[in-house]
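This report goes through selected features of the structure, one chain at a time. Please keep the sequence and the 3D view open while reading.

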Amino acid sequence: MSVWSFGFNQSLHHKSEAPVAERQHSSYQPNSYSGKINEPKERRQKDHHFDAIPSSMKDNAFKANGDGRESEGSAFCTKDNLLHCIAYVNQDLEMLGFPCLKFEDGNCIADLYFFINRLNDILGLYHKTVAVKEDLETKNHRLSCETNHHQSTCARLRREKNQLDREVGQEKEKTRQINLKYKQVSGKLKTEKEEVKRLLAVMESRNVQHKHDNNKKEREIISLKERLHQLLADKVPDRKVGMDLRNVLSSGEGRRATWKTNQAKLEEEMYQLVISNYEERQRELMLENEDLRDCMLSLQRQLSGLLKRTAGTNTASGQKSQSVETSFLHESHLLKEKENLSEQKKLFFEEKSAFEKERRAFTDAARHFCIERQAFQEERAKAQKLNPQNVSLVREKHSKSKGDASHHTRMLPATPVFSPAKESNDSGDSIPVKKLTMEEVHQPFSLPPGSTPTLSVAKLAESLSKDGETSNIPVLTVQNSPIVHFTPSTPVKQTAPSPLSLLPSLSVAASSSLYQSYASTKADIHTDRVEEAASLASIRAARVRIRSATQQDGS
Amino acid sequence: MNFSELFRQSLQLCRFSPDGKYLACASDYRVVIRHFDTLQVQHVFSCLDAVQCIEWSADSQFILCGMFKRGMVQVWSLETTDWHCKIDEGSAGLCAVTWSPDGRHILTTADFHLRITVWSLVTKSVSYIRYPKKCAKGIDFCSGGKYMALAERRDCKDHVSIFSCQAWALVRHFETETDDLAGLEWSPDARVLCVWDSCLAYKVLLYSLDGRCLARYSAYDLALGVKSLAWSPSSQFLALGSFDKKVRLLNHVTWKTVATLSHPELIESSTAIVYKEVETRIPAAPSSAVSKAPTASLYASQSKYEVVPTPVKVPTISPATNKANPRLGVGLLAFSHDNKYMVTRNDNMPCVVWIWDVRKISLCALLIQTSPVKCVIWDPSRPRLALCTSNNKLYMWSPEGSLAVEVPVEGQSLLC
């Protein structure tokens, strides 16, 4: 007889750790327990020894007969397998902690009491287990009821929550819409308020304007009444009303005075004019239409050409098209640059020619000045010979002399402060300025490219004022000392600028050179300036007298 | 730059003759004709009373002097100085006088705009036109001098009469749709007559020569309307300056707006050049001789323009809203004679002059002065603008730049 060691399990359902072959209790049917006890698969996995037990015994081992009857052919313990059964039962008893059947030489020492006690123990165990089972079952039942209850409440609450969520969503949506409406309405209200304000302001201004007009009309009525009153009261006969004409004039370009033609002819003429205007306008519009059509066609052609080219290269390869595009870009850039360059070249040449002209003008001016100076010196010498005494000057009265060509008005200098639109040094930018002054080429001065002439102008003006010298340009200073009147000779008249010229400013180089020329040429006059001035005046007066004398003689 | 000495004048009556040869200057009862170049006196005419108006005839042969207080007009001839003409309106009084384009007829307007009399210097005949309207611009002659448009008011309604200037006969007479006609102006090509309403209603009407209404334009309702109006010299655009501080350009084909130019307080345009007048008080160098000039002239303020980069804030004044004809809106509007530029002034920014490029329809230059601008005039031959602000300086603008020059004034009397 083999003694099998097995682990003692605390619980009924616990599996042991020793690897055990699973006991196959497929035939086990716990009918007496109405299926509440778990299947016996997990049970007794320690039972190695069951392999040794014949299958008939295994089958009958747990055959539970509810009534306790043993069926004849299916008894657990028979004569044959007594020992085996005893071993088996001992196993269980030991496991449960009850004293086991004792063996001695093939005899079982157990007596009836032992068996009854054992039976009692087992029954007690059974009752306990049943109680536990019932307890567990009730607990289980209760728990399952509770879980059902919980689940149902959970489901209900979830449903409620969903519904509430939906309601909340709806409420939110409503509030959002109401907010939107509110915003719209408040916006409308604001615009309406503004509109009201604006209309009130308009009404106010119209009111004011109406009142003003009314006042004006009232005042006019008052003055009309006054006039009427005056006329009614006026006993004096009308003075000669009408036109007093020395002699009738001839109309315009020798046109004959026409008779009063009838209305129809005039109307016809007017309509003809209207029609001709319309015809002209139509012609212009047609021309414009043609131009626009041509333009559109050419654009269309260009566009289609471009598309064809790009389409063609697209079929070949993407790179090619890209290169074509870049080549187009390059081409256009190059063209643009070429155009710019040609423009700049043109401007440069224009500027160059302008400079040339300027230089020529300067030299002319200097030459004229020299001639003038010489002439003046000669005259001075002559005058000194003729008239040793001083003659006071007569101030020009505008109501006096008539047609005195020699009588020249004084001009007062003023230095304008010029701010150019662009302060750049490119020759290109300032060329337009040049162009403007080119028209005034007769002036000896013109604007240099890009430089602000204020300083140079001021300098020259100062220098001129310091010298108090007259020049062929009628720029004179106003002094309290005897006035210098200079009668310009005829060549100078060409160079005399119009009184209100825009840009008579100087180039730096030109001004300095001119100043130097002034300084050099009048070095000898500088000393006895005042006497010169006086003698000039005397010369002038003498001239006036001579001329008037000749005129008198002539008339 | 040279300035002549001061000449006497009264009421700013200085007019150049149309051919540009003479300058007429009226001072009290005398009218002085000078040669434009040498400023020498050619003629002096003495009138019977203080002169309020002088006008050259179109062929520069004659000059008329209107004396409104006496109700008389005197006409002088430049060629034959002994020729004279005197027109006496008598008790009817005189409030305006003008030449006709042929230079041989004179139109006088009697007091209270009772009637307009056409005096012929050729036939010595007289014609009367009744019911002329008293408005800012009631008479306009078309270029070429063929027709004259006259605003009339009969039976509390506005009418326009078109007269032929050769025969002085009425050619067309039609009623306009305005409530209170404020002015009329022919287009420079004499095809269209523009008629505008007073500022209480924004209404601009365009009539053809025979009186058909070609178009109506109204930018907005109720608020104050058109303040100034100008045709472009090619008749392509009609510029309307209104009290809402905007200028609207209408095109001559459809009479709809091509552009609306506004005058904002903050200029951010990068293409416009802004010139700001800067006054510097520097002691001017006194003349070297002993000067008895008052010391104020030693420290005269000099002005120059500074180019200011955008953005620029424009100085604005807010006008009183309880006064009629408020200082608000575009009151000055003029095209340059080459049709390239247009100048405007917004009256609530009185120190600022706006210059627009017509080809691009954008702001091209801005001049900010230190005092309110009083008078702005284009050069008749080139794109150049002259303006003054009632100080002693003259300002000019051209596309190349702008300049400021002080008009020199003699400090003391000069001679014995």
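## Helix α2 of chain A

In this predicted model, helix α2 of chain A covers residues 82-96, 15 residues in total. From its first C-alpha to its last it reaches 21 Å, close to the 21 Å expected at 1.5 Å a residue.

The buried residues of α2(A) are C85(A), I86(A), Y88(A), N90(A), Q91(A), D92(A), L93(A) and M95(A). After α2(A) comes G97(A), which has a positive phi near 90°.

## Chain B overall

Chain B contains 37 strands and zero helices. Of its 416 residues, 55% are buried. Its accessible surface is about 17200 Å², with 52% belonging to carbon and sulfur atoms.

Where contacts in chain B link residues at least 6 apart in sequence, 40% of them join residues at least 24 apart.

## Backbone details in the loops of chain B

The peptide bond between T310(B) and P311(B) is cis, with omega about 0°. P311(B) sits in the loop between β28 (301-308) and β29 (312-313) of chain B.

N339(B) is not a glycine, yet its phi is positive, about 70°. This residue is found in the loop between β30 (330-335) and β31 (341-346) of chain B. N339(B) counts as buried because its relative accessibility is 16%, and buried means under 20%.

I361(B), also a residue other than glycine, has a positive phi near 50°. The loop between β32 (352-357) and β33 (362-368) of chain B holds I361(B). With 25% relative accessibility, I361(B) counts as partly exposed.

Methods. Residues are numbered from 1 along each chain as its sequence is written. Chains are lettered from A and ligands numbered from 1 in the order in which they are written. This is a predicted model: local features need pLDDT of at least 70, side-chain atom pairs count only at pLDDT 80 or more; totals for chains, interfaces and linings use all residues. Side-chain values use heavy atoms; hydrogens and water are left out. Helices (H or I, at least four residues) and strands (E, at least two) are DSSP runs, numbered from the N terminus. The expected span of a helix is 1.5 Å times one less than its number of residues. Buried means under 20% relative accessible area, exposed over 50%, partly exposed in between (1.4 Å probe, protein chains only). Contact means heavy atoms within 4.5 Å. Accessible areas come from the Shrake-Rupley method with a 1.4 Å probe; for residues, only the protein chains shown count as cover.
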